[in-house]
Amino acid sequence: MTKRPLELLAPARDVECGKAAIDHGADAVYIGAERFGARAAAGNSLDDIAELCSYAHAFRAKVYVTVNTIIYDNELDATRRLLRQLADIGVDAILVQDMALLDMLAGMPIECHASTQTDNRTAEKVKWLKSLGFSRVVLARELSIDEIRQIHESVPDVELEVFVHGALCVSYSGLCYASQYCFGRSANRGECAQFCRLSFDMVDSEGKIMEKSRHLLSLKDMKQIDNIEALAEAGATSFKIEGRLKDMVYVKNVTAAYSQRLDSLVARYPDRYCRASLGHSTHMFTPNLSKTFNRGFTTYFASGRRPDISSPDTPKALGEYVGKVKEIRGQWFTVAGLSAFANGDGLCFINDERQLEGFRVNKVENNRLFPLKMPAGMRKGTALYRNNDQEFERQLSRQSAERKISVFFKLCADGNILTLSVQTEGFSGIAEESDIQLQKAEKPQHDNIVRQLSKLGGTSFVCAGVDIPDSFDCFIPSSILAKMRRQAIEQLEGKIRHNERPVNKVRVGDNVPHLYPSRYTYLYNIANSKSREFYLAHGLRAFDLAFEKSAPAEGIVMQCRYCLRYALGYCVKRGGSPSPYREPYFLCLPDGRRFRLQFDCAKCQMNVCYDEN
């Protein structure tokens, strides 16, 4: 049986976060260039990306760059130049949303990955993307494990990348126009203003208030660490951590947690799986996913629809549950639970008005906590959460992991020719020394040879063993051993870094699947002449320009698998009660703008619509 490589894909806000991700066990990282990434605030220079490529490739790890926004006509030339430069510095793949990039990438030694921004939720869409030359498809976050399995079985020869951790968008990615509509900041241009984290009133067609001032579209964060094995069995190749705007502590902690889980899976099934890169990370702390930014956790739709996936009280981080308030006395209080606290910890709770209230611990004395000012809304029995753990932050502010590749040396002699070979996981290096007169040693040399060959400090390698023939009894100067060790390691490292990158064979595929109704063809996100030509060549005849270029008078600004009718218990189809409110329902912003909710029960989908009329 051929082993299937499993890839842990971590986010890199910048080159230092990228290096930290590699150190803590990532098999690949994804990073934004200076322009055209879906997180406009997370851009990086070509020099920095080249530095990250060099660091990652020493472990056979990969670097993917996000060029996954829609492109305007006046940006096409700049995009083409950027792609050539990224190929030249050794980037392994480009994440693409705009189909205009396919023609630009044709013939380049760089892979094309279909970003989740291309709305990848069906086997039909994945098969079409494969026909275009995409080697990998990043699936929609909303898919269940069974749906991922069905896609893999239908299109087994394309890599499937799945999100396993981090923030969730309530809309299918690539099909959210709410930020553009409300604020002129396009999510498809990397400038999302997080419309879904706002507070809304929900009213019915008669104006009756169903929910008041709640974050009705704000979801919890995804955590699929307990589904890693099931996702691998379903056919997932790459396990993606969200977070290109997240800080170093988040990257270190989350990467370490998932790397350890993947290592455990590989250890249980060594004949079935292997890691996609070389080396093993030793962590100098215990990962804890609750200790870094989160809004509470959900597995989303991994096992089907469930009611508890939103965070309507607050869009901000709750953190880890630490216990309930036990006693309040003047300027201090105590907490019932086993958690230890430190000066400077950030705590928070949901108050009686269902609002998040936070404060800092100014001083800790035994089990007494002294805030700078006692929170007005805190009561005996209040559930407390820690969203900033000072001790944990201190641990991860230092070096918190070391990654090394285990190598094995073999020394042998044939006459006066001395040969040293070094091997690791399918790669090898060799050094020979013929200008030497081998002489019988006066005392055993084994320990000194092992000691000299093990001096690998400053490299990414660690000696796991030295094979010396039992009959070998010659004296070798330490300087010769050191020279041969350096030569063999340099050759080994060169082979590890060398990667034959096939030319990208992007090609014209079959007709584009008609995914979207003719009434809303702006959902194809056609924003430039090259993209228009692409879709015309693939048989799409009637379509509008992208929402960002020509917004229609009415339409859908979000397509969501998350459904408020279901979340509020009014989905009779799924065991809910008949609603006492008259449809249609509306979400209303404080400034008076409102959005009609359209329930497409045939697709089990909720659309958020606007109407300029």
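The second largest pocket holds about 600 Å³ of space, a volume taken as the space filled by probe spheres set on grid points joined across faces, edges and corners. A pocket here is an open set of points on a 1 Å grid over the protein atoms alone, where a 1.4 Å probe fits and protein lies on both sides within 12 Å along at least five of seven lines. The structure is a predicted model, in which local features need pLDDT of at least 70 and side-chain atom pairs count only at pLDDT 80 or more, while totals for chains, interfaces and linings use all residues. Residues are numbered from 1 along each chain as its sequence is written, and side-chain values use heavy atoms, with hydrogens and water left out.

At least two lining residues come from each of α5 (123-132), α6 (145-154), β27 (554-560), β29 (594-600) and β30 (605-611). Helix α6 gives the most, with three residues. Helices (H or I, at least four residues) and strands (E, at least two) are DSSP runs numbered from the N terminus. By class, the lining has twelve nonpolar, eight polar and nine charged residues, where Ala, Val, Leu, Ile, Met, Phe, Trp, Tyr, Cys and Pro count as nonpolar, Asp, Glu, Lys and Arg as charged, and the others, Gly among them, as polar.

A helix pair comes next. The axes of α1 (residues 15-23) and α2 (residues 46-57) come within 9 Å and cross at roughly 10°; axes are lines fitted to C-alpha atoms over the stretch in contact, with angles from 0 to 180 degrees between N-to-C directions. Helix α1 is therefore roughly parallel to α2, a label for angles under 35 degrees. Val15, Gly18, Lys19, Ile22 and Asp23 of α1 meet Asp48, Glu51, Leu52, Tyr55 and Ala56 of α2, contact meaning heavy atoms within 4.5 Å. This contact has five nonpolar, one polar and four charged residues.

Some local details complete the picture. Gln180 is found in helix α7 (residues 178-183), and its side chain reaches the backbone nitrogen of Ser186 at 3.3 Å. Leaving aside neighbours within four places in sequence, Gln180 is in contact with Arg185, Ser186, Phe547 and Glu548. The peptide bond from Glu583 to Pro584 is cis, with omega near 5°, and Pro584 sits in the loop between α14 (564-567) and β28 (585-588).

Key. Angles under 35 degrees count as roughly parallel, over 145 as roughly antiparallel, 65 to 115 as roughly perpendicular and the rest as oblique. A polar contact is a pair of N or O atoms within 3.5 Å; within protein, one must be able to donate a hydrogen and the other to accept it, and residues adjacent in sequence count only if both atoms are side-chain atoms. On a 1 Å grid over the protein atoms alone, a cavity is a set of points where a 1.4 Å probe fits but cannot get out, and a pocket is an open set with protein on both sides within 12 Å along at least five of seven lines; lining residues have an atom within 4 Å of a point.
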